[in-house]
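Dear colleague,

Please find below the sequence and structure that I am handing over to you. My findings follow directly after them.

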Amino acid sequence: MNNKFLVAGLLGAIVSNLLGYLIYGALLAGMMTEATMPGVQKPMAEFNWVFLILSNLASGYFFAYIFSKWANITTFNGGLSAGATLGFFMAIIYDFVYYATTNMMSMKGYLLDIVTTIIISAIVGGVVGWWLGRGK
């Protein structure tokens, strides 16, 4: 692993965390609460921040690894497109399993989560791709 990979993953994690807070925590907070069954969602004061940060780090390094080791993505636009595609499939995988096996959210909530995951993943992918292409 080189420094470019390490910084790209960290930048991806930071962008993922900020966008998650802005979109889920502020912009869509009411809609997501409405779509989620009572008692499922924790208030922000009760979040386990260690695991939330670890999740965002995993997301950033997931994109950085795929882009640098397998896909050679080194532009913002390439990362945007690949990030949106990865986000779409990741969201479909976990949201449809949860919808099929739990009563956590309404279908509206899951569809909103899919769209939001695509947007966040696209921007994270764009930033990671941009960073990986710097200096080329």
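F67 lies in helix α3, which covers residues 49-71; helices here are DSSP runs of H or I with at least four residues, strands are runs of E with at least two, and both are numbered from the N terminus. This is a predicted model, in which local features need pLDDT of at least 70 and side-chain atom pairs count only at pLDDT 80 or more, whereas totals for chains, interfaces and linings use all residues. Residues are numbered from 1 along each chain as its sequence is written, and side-chain values use heavy atoms, with hydrogens and water left out.

At 1% relative accessibility, F67 counts as buried. The term buried stands for under 20% relative accessible area, exposed for over 50%, and partly exposed for values in between, with a 1.4 Å probe and protein chains only. Between the C-alpha atoms of F67 and D113 there are 24 Å, and the two residues are 46 residues apart along the chain.

Aromatic residues

F67 also belongs to a cluster, in which ring pairs link it with F62 and F63. Rings of Phe, Tyr and Trp (for Trp the six-membered ring) are taken as a pair if their centres lie within 6.5 Å; planes under 30 degrees apart count as stacked, over 60 as edge-to-face and the rest as tilted. By this rule the structure holds eight aromatic pairs. One of them is formed by F47 and W49, whose centres are 5.6 Å apart with 50° between the planes, a tilted pair. F47 is partly exposed at a relative accessible area of 31%, and W49 is likewise partly exposed, at 38%. The rings of F62 and F63 have their centres 5.8 Å apart and their planes at 80°, so this pair is edge-to-face. Within that pair, F62 is partly exposed, with a relative accessible area of 36%, whereas F63 is buried, with 1%.

Overall form

The secondary structure of the protein consists of five helices and zero strands, and the order of elements from the N terminus is α-α-α-α-α. The C-alpha trace spans about 50 × 30 × 25 Å along its principal axes. For 136 residues, a compact globule would have a radius of gyration near 14 Å, and the 16 Å of the protein agrees with this. That radius is taken over C-alpha atoms, and the globule rule is 2.2 Å times the number of residues to the power 0.38. Of the 136 residues in the protein, 35% are buried.

Packing of the helices

Two packed helices are described by the angle between their axes and the distance between the axes. The axes are lines fitted to C-alpha atoms, for helices over the stretch in contact, and the angles run from 0 to 180 degrees between N-to-C directions. Angles under 35 degrees count as roughly parallel, over 145 as roughly antiparallel, 65 to 115 as roughly perpendicular and the rest as oblique.

How do helices α4 and α5 pack against each other? Helix α4 (residues 76-101) and helix α5 (residues 107-133) meet at an angle of about 150°, and their axes are 6 Å apart. The two helices are therefore roughly antiparallel to each other. In the contact of α4 with α5, 19 residues are nonpolar, eight are polar and two are charged. Here Ala, Val, Leu, Ile, Met, Phe, Trp, Tyr, Cys and Pro count as nonpolar, Asp, Glu, Lys and Arg as charged, and the others, Gly among them, as polar.

Helix α3 packs with α5 at an angle of about 50°, with 10 Å between the axes. That makes α3 oblique to α5. The axes of α3 and α4 come within 11 Å and cross at roughly 120°. This angle makes α3 oblique to α4 as well.

Two further residues

N72 is found in the loop between α3 and α4. Although N72 is not a glycine, it has a positive phi of about 50°. Is N72 buried or exposed? With a relative accessible area of 56%, N72 is exposed.

V15 has its place in helix α1, which covers residues 3-27. V15 is buried, with a relative accessible area of 17%. The C-alpha atoms of V15 and L28 are separated by 17 Å, and these residues are 13 residues apart along the chain.

With kind regards
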